[in-house]
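Let's walk through a few local features together. Have the sequence and the 3D view open as you read.

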Number of protein chains: 4
Amino acid sequence: MIFEKIKSEVVSHLSYFIGSGNEAFVVDPRRDCQIYVDIAKREGMNIRHIFETHRNEDYVIGSLELASLTGAEIYHGPWPEFKYGEVVPDGQEFRVGKLKVTAIRTPGHTPGDISIAVADTATGGETVIVCTGDTLFVNDTGRTDFGGPEARREWSENLYDSIFNKLFPLGDHVVLCPAHGSGSVCGGKIADREMSTLGLERLMNPVLQLGREEFVRYKAEERHEYAPYFGRMEVLNVEGAPNFGVGPNPPALTAEEFKEKWEGGAIVLDTRPPPSFGAGHIKGSYSLALKRLGLVGWVLPHDRPVLLLMTSQSHFDYLTRNLSRIGYDNVAGYMAGSIVDWYKKGLPVERLDMMTVPELKKALDSGEDWLVLDVRSHDEWEEGHIEGATNIYVGLMEKRLDEVPQDRRVAVICKSGTRSGFASSIMLREGRENIHNVLGGMEAWKALGYPTVQ
Amino acid sequence: MIFEKIKSEVVSHLSYFIGSGNEAFVVDPRRDCQIYVDIAKREGMNIRHIFETHRNEDYVIGSLELASLTGAEIYHGPWPEFKYGEVVPDGQEFRVGKLKVTAIRTPGHTPGDISIAVADTATGGETVIVCTGDTLFVNDTGRTDFGGPEARREWSENLYDSIFNKLFPLGDHVVLCPAHGSGSVCGGKIADREMSTLGLERLMNPVLQLGREEFVRYKAEERHEYAPYFGRMEVLNVEGAPNFGVGPNPPALTAEEFKEKWEGGAIVLDTRPPPSFGAGHIKGSYSLALKRLGLVGWVLPHDRPVLLLMTSQSHFDYLTRNLSRIGYDNVAGYMAGSIVDWYKKGLPVERLDMMTVPELKKALDSGEDWLVLDVRSHDEWEEGHIEGATNIYVGLMEKRLDEVPQDRRVAVICKSGTRSGFASSIMLREGRENIHNVLGGMEAWKALGYPTVQ
Amino acid sequence: MIFEKIKSEVVSHLSYFIGSGNEAFVVDPRRDCQIYVDIAKREGMNIRHIFETHRNEDYVIGSLELASLTGAEIYHGPWPEFKYGEVVPDGQEFRVGKLKVTAIRTPGHTPGDISIAVADTATGGETVIVCTGDTLFVNDTGRTDFGGPEARREWSENLYDSIFNKLFPLGDHVVLCPAHGSGSVCGGKIADREMSTLGLERLMNPVLQLGREEFVRYKAEERHEYAPYFGRMEVLNVEGAPNFGVGPNPPALTAEEFKEKWEGGAIVLDTRPPPSFGAGHIKGSYSLALKRLGLVGWVLPHDRPVLLLMTSQSHFDYLTRNLSRIGYDNVAGYMAGSIVDWYKKGLPVERLDMMTVPELKKALDSGEDWLVLDVRSHDEWEEGHIEGATNIYVGLMEKRLDEVPQDRRVAVICKSGTRSGFASSIMLREGRENIHNVLGGMEAWKALGYPTVQ
Amino acid sequence: MIFEKIKSEVVSHLSYFIGSGNEAFVVDPRRDCQIYVDIAKREGMNIRHIFETHRNEDYVIGSLELASLTGAEIYHGPWPEFKYGEVVPDGQEFRVGKLKVTAIRTPGHTPGDISIAVADTATGGETVIVCTGDTLFVNDTGRTDFGGPEARREWSENLYDSIFNKLFPLGDHVVLCPAHGSGSVCGGKIADREMSTLGLERLMNPVLQLGREEFVRYKAEERHEYAPYFGRMEVLNVEGAPNFGVGPNPPALTAEEFKEKWEGGAIVLDTRPPPSFGAGHIKGSYSLALKRLGLVGWVLPHDRPVLLLMTSQSHFDYLTRNLSRIGYDNVAGYMAGSIVDWYKKGLPVERLDMMTVPELKKALDSGEDWLVLDVRSHDEWEEGHIEGATNIYVGLMEKRLDEVPQDRRVAVICKSGTRSGFASSIMLREGRENIHNVLGGMEAWKALGYPTVQ
């Protein structure tokens with residue numbers, strides 16, 4: 001038995017290559033799917049089946065392309081109506097070498113979710129692992145809000161029943177293989193520990209300690225954001241996305257060529273660390289450091305040219321690959337030699353003021369007029385924030401900009417300084433002034449023992 | 001939480017790098033231990049602790065060298081008296097970032113075995129994984145014969161109690177991390193599935209389905225072989241092995257230089273596939289293909305020069321690294337350009353006849369006088385062999401050669417043809433003639449539907 | 001200035017990525033052209049131009065696919081009429097960053113050959129390197145026989161004039177960058193030293209030490225073989241080959257699946273070393289070890305399914321990639337687990353006898369009736385062979401099989417044993433018997449001091 | 001013939017692995033010398049000889065360690081008195097496979113310089129390549145100032161004679177293999193083109209276009225800086241450096257641990273880009289971006305603990321390896337998680353103001369009192385600088401700080417902004433205020449058409 005977990009950064013997506021003998025299957029392949037083909041070649045295996053645990057909203061699934069490369073059959077659940085693949089009946093079994101693979105309907109996150117249980121008949125009939133998609137995560141469960149408010153209660157009930165009546169009966173001993181790890185937009189409380197079992201979740205997953213009614217109420221009221229790019233993902237994942245093939249190949253641009261495209265309306269995505277952005281950036285850029293790249297889905301259009309600014313050429317593959325994974329095929333170029341080429345040409349540069357936490361504290365204490373703009377999620381905000389601050393989630397910054405007064409100095413804060421940098425760049429794009437990004441964020445605020453309110 | 005399993009081929013050894021925050025520990029490091037340092041550097045972590053689950057017999061442990069590279073402390077159980085490190089009390093806890101790591105005494109395989117239980121306090125107090133060393137494997141348990149016949153029953157009782165009273169109470173949900181995978185000499189029935197939990201073993205591990213007394217009897221009578229190199233491992237693993245450093249660097253030899261060393265008494269280890277060996281080899285070579293390399297421990301001395309013959313130069317690292325892992329620091333060179341250089345110089349070449357299974361069947365049916373020499377393990381032999389065959393385990397071939405008559409044609413057979421090639425080469429070394437290696441082995445015999453007896 | 005030489009094994013093809021600033025060009029890209037795109041991405045460069053030094057016969061050129069990936073323009077000489085790209089005028093200059101790149105017409109190998117001279121204007125106007133395609137190699141010059149016998153003299157004259165009047169005037173100091181290295185079918189005497197300059201060739205290249213008339217006569221009479229696959233290369237390289245994309249992905253087959261396709265008429269290509277083939281192979285296989293893979297072009301059809309047998313799964317990429325480079329897109333699968341799976345199923349196995357050189361000598365001396373069949377090239381044969389031997393070049397073995405008597409024992413010999421293994425397998429395919437492959441070949445014969453005649 | 005050029009960043013050092021058959025030699029091995037052993041293992045070769053072209057001042061040579069790993073003999077010239085290896089007579093020849101290797105005395109850069117000429121006897125007697133150490137570079141020649149002012153003229157004469165009477169007679173066709181590429185402190189005008197021949201240098205190298213007397217005068221007056229770390233290199237390279245082994249392994253530190261060591265007197269080396277340093281750094285840090293790392297040799301002691309700050313953990317190997325190459329074995333740790341961990345703890349942060357070139361121009365034009373401090377080399381300064389500016393070479397900043405008035409605003413400028421960042425950080429360390437680093441530097445100044453004087 002070959003088992004390989006493939007982690008995709010940014011969207012914190014987990015997919016699985018599982019095989020036995022010379023046969024294998026893949027669960028939830030990512031868009032740049034050559035990696036599964038390469039494993040198959042390394043192991044001398046053929047990918048026979050592709051399982052989609054559900055219609056994904058947060059990344060582009062690569063099933064169609066992988067099927068075209070391998071001849072594998074695609075299976076998914078009964079909702080929505082996919083334009084490709086087959087709907088798998090509840091309980092259908094597949095033989096893959098010595099493995100018995102069973103598709104189990106586990107609705108809740110959507111009405112069409114399935115889980116994939118795997119037994120190794122070489123050693124017995126017990127389920128060894130179960131791929132749970134977005135039904136059950138390590139320390140969290142799938143969101144139930146994609147059907148809209150009216151469906152939410154029912155979906156939450158289904159989720160409870162799927163977990164307690166379909167998954168847990170497989171046994172405490174079953175290894176858990178979810179579709180997302182920590183950092184995913186699909187579950188804000190997913191633990192950064194990657195390893196779990198059904199038993200560990202039964203015993204420790206906080207929301208699964210609730211009774212059914214409590215659970216349903218909790219899930220029905222849980223707060224989630226819906227990033228605009230989700231809409232595009234939903235379409236691509238029902239109809240099938242364009243092939244990734246050998247991957248994107250946008251041109252290297254000199255500072256002058258970059259400037260020309262920028263003046264022609266291309267959008268600049270500056271992926272350097274926030275302090276570098278602060279010290280000198282191109283007017284109108286979005287500032288978003290690598291590890292939070294997924295947030296671009298809140299603001300970046302899919303149909304206008306995008307230009308990349310990188311700290312180092314070595315980030316090229318990471319950036320273009322991860323943008324493709326969330327459907328951005330519209331990268332029109334990148335600045336060769338990073339922004340240094342721009343500096344060396346003497347081209348115009350803007351600044352964003354950086355502020356330390358002690359400076360912010362001193363300013364507030366001195367009675368200066370500051371708006372503290374906290375751009376963390378609602379959940380983080382509720383756990384403790386600076387008195388008098390305003391909360392607008394970073395993803396909604398562009399839409400809710402009107403709520404930020406124009407005549408006050410603004411100190412933008414998040415957990416550590418990355419999301420606040422992004423939010424600051426959104427405000428600068430809209431012509432706002434007197435914006436300051438707080439280095440170290442609420443972590444520093446708390447580390448220094450400054451007071452918070454809830 | 002960072003979790004990385006490091007597999008070492010040949011001895012099928014599994015070791016673990018587990019970390020949290022900027023701290024980490026390693027369980028049962030292998031001799032070429034730079035790999036753990038590299039993971040630590042990649043993750044920005046410091047290795048604080050090294051746990052040895054037991055005194056190993058089948059490979060050289062790298063604790064001392066890893067400790068000297070990192071400043072980590074070494075811990076092991078109370079038996080035997082190690083000349084380095086500390087004895088850890090039963091139940092002692094360590095904090096590693098957010099992890100709670102507990103050493104649990106689990107005697108049985110030896111009186112000094114410990115297991116390492118890991119809880120992730122970020123999500124609760126339950127044990128997430130347990131490193132069980134040679135106490136519990138996937139589908140098998142540790143051997144209990146290293147204390148000699150008189151201690152065997154007691155050690156087997158201890159093993160049962162350790163598994164049922166110390167490990168299983170941690171819960172079905174605990175992920176199992178043993179020290180060996182399939183192919184190890186430490187457990188002949190270890191499954192090739194790498195993933196398991198305590199619950200899966202409780203439910204499916206065959207020997208754990210027995211009652212205590214039945215279990216003890218089974219383990220006390222289980223048949224194991226004791227390879228001569230074990231003795232050296234025991235010494236090195238109590239006293240500490242010489243440093244591996246940047247690894248071995250034996251010289252590339254021309255055919256003439258190779259010949260000179262060979263004539264001077266160096267031993268040739270021919271690692272090409274058995275058919276290549278059959279078609280033309282150097283007199284006196286041991287034939288042992290890469291995947292069964294560990295068997296050299298039965299015959300290869302640690303104090304005489306060894307010469308390597310490889311299919312391809314690309315095998316150099318694999319070969320020298322794996323020989324070092326079992327304590328062979330005496331490689332005196334390898335033939336550059338593989339054996340082709342020897343052929344091209346017209347140097348003397350010997351052959352070993354290859355026989356197909358239908359040819360063997362026909363020969364036996366025709367009444368010709370053949371000795372079928374089955375060199376598989378006792379367990380494999382008992383599951384079915386050719387009527388009239390003789391069983392001598394390949395590892396004992398050199399010692400028990402007298403039992404093979406000199407005047408009969410010999411067809412050497414194993415499962416598929418690799419171990420029989422090794423056994424054949426041992427006989428050729430001793431001047432035996434009329435030796436034939438059976439291609440495809442008992443697998444082919446059974447595939448063709450020929451009869452076996454038990 | 002970035003300069004990178006890309007070597008492609010098997011056809012010993014050399015291509016070049018050369019760049020300056022953020023611009024680059026490629027000379028003679030291979031079919032699997034992603035490697036150039038990857039260099040460009042790593043360096044932050046754009047490939048602007050692709051130069052084809054000539055219409056290639058021995059491998060598939062990747063210009064069209066590389067152009068589609070990068071937007072580069074393709075340039076070649078005036079012969080033949082390409083269905084893509086542009087014809088470049090003699091002396092045309094291109095600016096690539098700070099480089100001045102000049103296309104120079106150097107007919108001779110074909111009427112359309114061009115060379116690419118590169119000066120680095122940052123340090124002066126002298127030519128630094130020249131890419132000479134098949135016009136001038138290290139220690140050899142391009143063949144002049146592709147125009148047929150009637151054109152051969154004229155093409156040879158052109159070659160002389162191109163080298164002496166177009167290339168050498170660039171200066172002794174110019175670094176030579178040819179399209180092939182040692183082992184290519186495009187020049188039998190190419191040195192295995194990869195580094196040269198125009199001056200070194202002027203002073204040491206044997207054929208350039210001749211006077212013009214002598215040179216022309218030599219080249220016009222030089223003996224070359226024309227492999228059947230050349231015809232296909234010529235078509236693909238004029239019309240443009242199908243895209244390579246992410247590369248071939250033939251299925252892994254069990255022994256039974258393999259057998260089924262084999263029985264259905266698929267051709268088996270056995271790439272294990274000759275001794276392994278000798279000890280047990282599948283009836284009808286071609287035997288051709290990796291390093292001589294290019295010879296398959298003599299016999300392997302492009303339109304029938306081909307099955308691969310490999311020593312190790314790790315050879316998969318090498319094999320399928322190199323077959324694609326010479327136009328074989330018809331690989332229908334490979335045996336997973338190498339031939340061991342076949343052996344283990346007890347499926348039928350054939351043998352080819354291996355013979356050592358002393359055995360051959362003894363047999364010949366004893367007056368036994370043996371045909372020594374020497375399958376080396378005409379040039380190698382002329383330098384010395386065994387008295388009484390017959391010479392049929394390995395590539396022509398299939399066509400000239402009638403010249404080999406059916407009633408004699410045949411000892412097949414080449415330089416070391418690989419080509420003789422291939423020739424032997426061709427004879428076995430045709431039902432011949434009593435074939436023996438001589439291990440070590442003429443090298444061993446000479447090393448042992450046995451006599452040869454010229 | 002195997003030829004491999006090994007480039008080492010930072011010191012722009014080039015070393016060479018050259019082999020034939022199963023023998024090889026290395027010219028000027030770097031300190032982390034495992035790379036040569038790995039090439040030898042890959043190729044099936046033995047390193048027999050190590051040549052040191054001269055006593056190096058700018059990096060630690062790895063000859064002794066490489067010799068201990070391989071048994072190779074070390075050879076160098078007659079000056080200074082090395083404590084290891086042998087002095088090679090002028091003209092001594094070595095056979096390495098089919099190569100003829102000749103040591104040629106080429107004094108000038110030092111009295112003990114040798115060059116290594118390589119002929120490939122397989123194709124003739126002409127020299128193919130020559131390794132020239134610091135005697136002759138692409139577009140430049142070695143400095144002649146290490147003997148002090150009184151010896152300088154004589155050394156310059158020797159250099160001329162070595163080049164014109166010892167090297168050039170080998171022929172225009174000889175490939176040039178110098179010990180340094182562009183960016184080295186050993187030659188400020190070395191071209192970034194890596195490929196050259198003796199003929200190209202004879203024709204285009206600017207200083208070689210001069211007559212002998214002109215050349216000698218030029219070289220005797222050429223301006224060079226002598227970095228303090230050179231002294232340590234000289235000692236290590238005469239006596240032999242401590243082994244590199246498996247390389248440095250400094251600990252990962254939390255922000256608190258880092259702070260503690262910093263407060264205890266450890267020196268912080270901040271390797272992030274200058275804008276990041278500007279936006280927030282730790283008081284007293286040196287700011288030096290990766291590509292200019294070699295400049296640390298001007299200020300960093302070898303005997304006090306050094307702490308590293310990196311943009312990304314992926315820079316760890318690059319940084320520690322390159323520091324080791326110039327003798328820094330005193331790295332005491334690095335901040336895990338980059339400076340973000342420091343920010344998140346709210347620890348104290350300093351800023352350095354960044355200034356754009358238009359801002360500087362405007363300030364100067366408006367009559368504000370600014371000192372423009374140009375920290376480029378003397379040669380760069382002479383080619384054009386801002387009127388009224390002061391030139392102090394960055395390497396001398398610490399020593400000549402008194403020349404900078406304390407009461408003026410200072411705009412620090414270099415070519416693009418990296419060296420000025422380093423110089424700025426040196427001034428901040430000494431308590432200076434009102435320091436501004438000019439982004440884009442003189443390149444931007446010139447790109448914008450602002451006036452310069454010479």
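B:Asn434 is partly exposed, with a relative accessible area of 45%; here buried means under 20%, exposed over 50% and partly exposed in between, with a 1.4 Å probe and protein chains only. Though not a glycine, B:Asn434 has a positive phi of about 60 degrees. You will find B:Asn434 in the loop between helix H13 (418-429) and strand E23 (435-439) of chain B; helices (H or I, at least four residues) and strands (E, at least two) are DSSP runs, numbered from the N terminus.

D:Ser12 also has a positive phi, near 50 degrees, but counts as buried at 16% relative accessibility. D:Ser12 belongs to the loop between strand E1 (2-8) and strand E2 (13-20) of chain D.

## About the model

This is a predicted model, where local features need pLDDT of at least 70, side-chain atom pairs count only at pLDDT 80 or more, and totals for chains, interfaces and linings use all residues. Residues are numbered from 1 along each chain as its sequence is written, chains are lettered from A and ligands numbered from 1 in the order in which they are written, and side-chain values use heavy atoms, leaving out hydrogens and water.

## Cis prolines

In chain C, a cis peptide bond joins C:Trp79 and C:Pro80, with omega about -10 degrees. C:Pro80 sits in the loop between strand E5 (73-76) and strand E6 (86-87) of chain C.

Turn to chain D, and a cis peptide bond joins D:Trp79 and D:Pro80, with omega about -10 degrees.

## Helix H6 of chain A

Among the buried residues of H6 (229-239) of chain A are A:Tyr229, A:Phe230 and A:Met233. Just after H6(A), A:Gly240 takes a positive phi of about 100 degrees.
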